[in-house]
Amino acid sequence: MPFVFGTGRQGRAGSKVNVKEAIRSAWRRWGGVEAESGDASQRKTVGLPAVLSPYMGYHAPGNLMPKATPANLRRFAETPLARRAINVIKDRIASLDWQVKLKRGYTTGTVTDAEKRAEILRRSLEEPNPSDSFRTLMEQVLEDTLVGGFGAIEMVLTGDEEKPFELWPVDGATIRINPRWDGSAGTPRYGQTMPGQSSTIALADDELMYVRMNPRTHTPFGMGPLEVAFETVNTFLGAHRFAGKLASNSVVQYALWLNETTPAQHERLIRWWQDEIEGTGRVPVLSSEQKPEVLRFGSGTDADLRLNWQEFLIRMVANAFSLPPMLLGLERDVNQSTAAEQADEAFRSAITPLARLMAEHLTRDLFAKRLGWREFEFAFNELDARDEMTEVEMQTSLLKAGVLTVNEVRAMRGLSPLAEAAAANDKG
């Protein structure tokens, strides 16, 4: 149903003020959402929607597109191979040191209360909500981002000057995207649909941080590495189960064939073998008119376990996560000269891009859109150079050449500026 606003004098005056609330109300009536309470500091999304229903099939209204196979992706993320690949990236980013600093082109002299506001932002990020730290929040969001490309954080304004916002992790599989969003701040861009329910919680663009990996033009959803490796992980699990059953099969691979024996002789041979030979280590001695024939039931070699096929699948999973196979347990083709190079390549190809993506979302969505503090940015430290000595030598050379100042070097390392150097810079 299209939205109709009054055209009279009173309608023209009130339409600009009430357009956001009118669209929100229409969205709620259309989705069956109950009216909100008057407290704007309360979060709107539900923290753990999956536990409310054992059925994981999320139902979405007609014009919102659902994310495919969230339950299968979650299940595959719990397998050892996928868990190893996820943890290599997630734990490394979550443990990185970080800082809140002024953007390029801004100085403490041009930004009002720059140091105080930067300290407020850092303190609020260290304790984003009453139950999470910054690391636990990042781990949950990075998990969803790597699994399905749908990391989500709800940003709630508190009205407290000392802690202006709270961040809540959201199950990204329950988030629906409005494909007709026109870019306006008053039009809801996202909606959270509860499992087994048709009601939708409307969320504006500045209320939800939605992290997409591998964004594409033909779909509003991202694509996580586990989605790319979905079929490969499934195939690996099938091969792994087959190899496990084959390796644990205790059936003897050989048998004795005695020709022209009576049933009594056959039973006597079995009792003699079980009572006198089996488990004793004695050398069995047989006397018969014909030589017994040995029958072989199976080869029993490593070729039956399909180990080369499993190794190939592990390499494909590593490629999907932009990781070297070495980090997933394949160390056959790794030596001392290539190990360090592969570790650096993994950092540059898997860790750095996702870390920068998270930093950009915090800067744009939280600082700029939600708070309006566009002078600040969030940055992870140690993303450009992993070798500490190389980074120190480079910064020392730039400092001696006059390319960088002491405070600029300290800012690169996440340290506060020196008072004397700051005063000298202001005079200069």
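Hi everyone, let's start at a glycine: Gly279 comes after helix α8, and its phi is positive, near 80°. Before going further, this is a predicted model, in which local features need pLDDT of at least 70 and side-chain atom pairs count only at pLDDT 80 or more, while totals for chains, interfaces and linings use all residues. Residues are numbered from 1 along each chain as its sequence is written, and side-chain values use heavy atoms, leaving out hydrogens and water.

Back to α8, then. This helix covers residues 263-277, and at 1.5 Å a residue its 15 residues should span 21 Å; the end C-alpha atoms are 20 Å apart, which agrees. The expected span here is 1.5 Å times one less than the number of residues.

Asn214 has a phi of about 55° and lies in the loop between β7 (208-211) and α6 (225-228).

Finally, the whole chain. Its secondary structure comes to 13 helices and 10 strands, taken as DSSP runs numbered from the N terminus (helices H or I, at least four residues; strands E, at least two). Of the 428 residues, 38% count as buried.

Conventions
Buried < 20%, exposed > 50% of the residue type's maximum accessible area, 1.4 Å probe, protein only.
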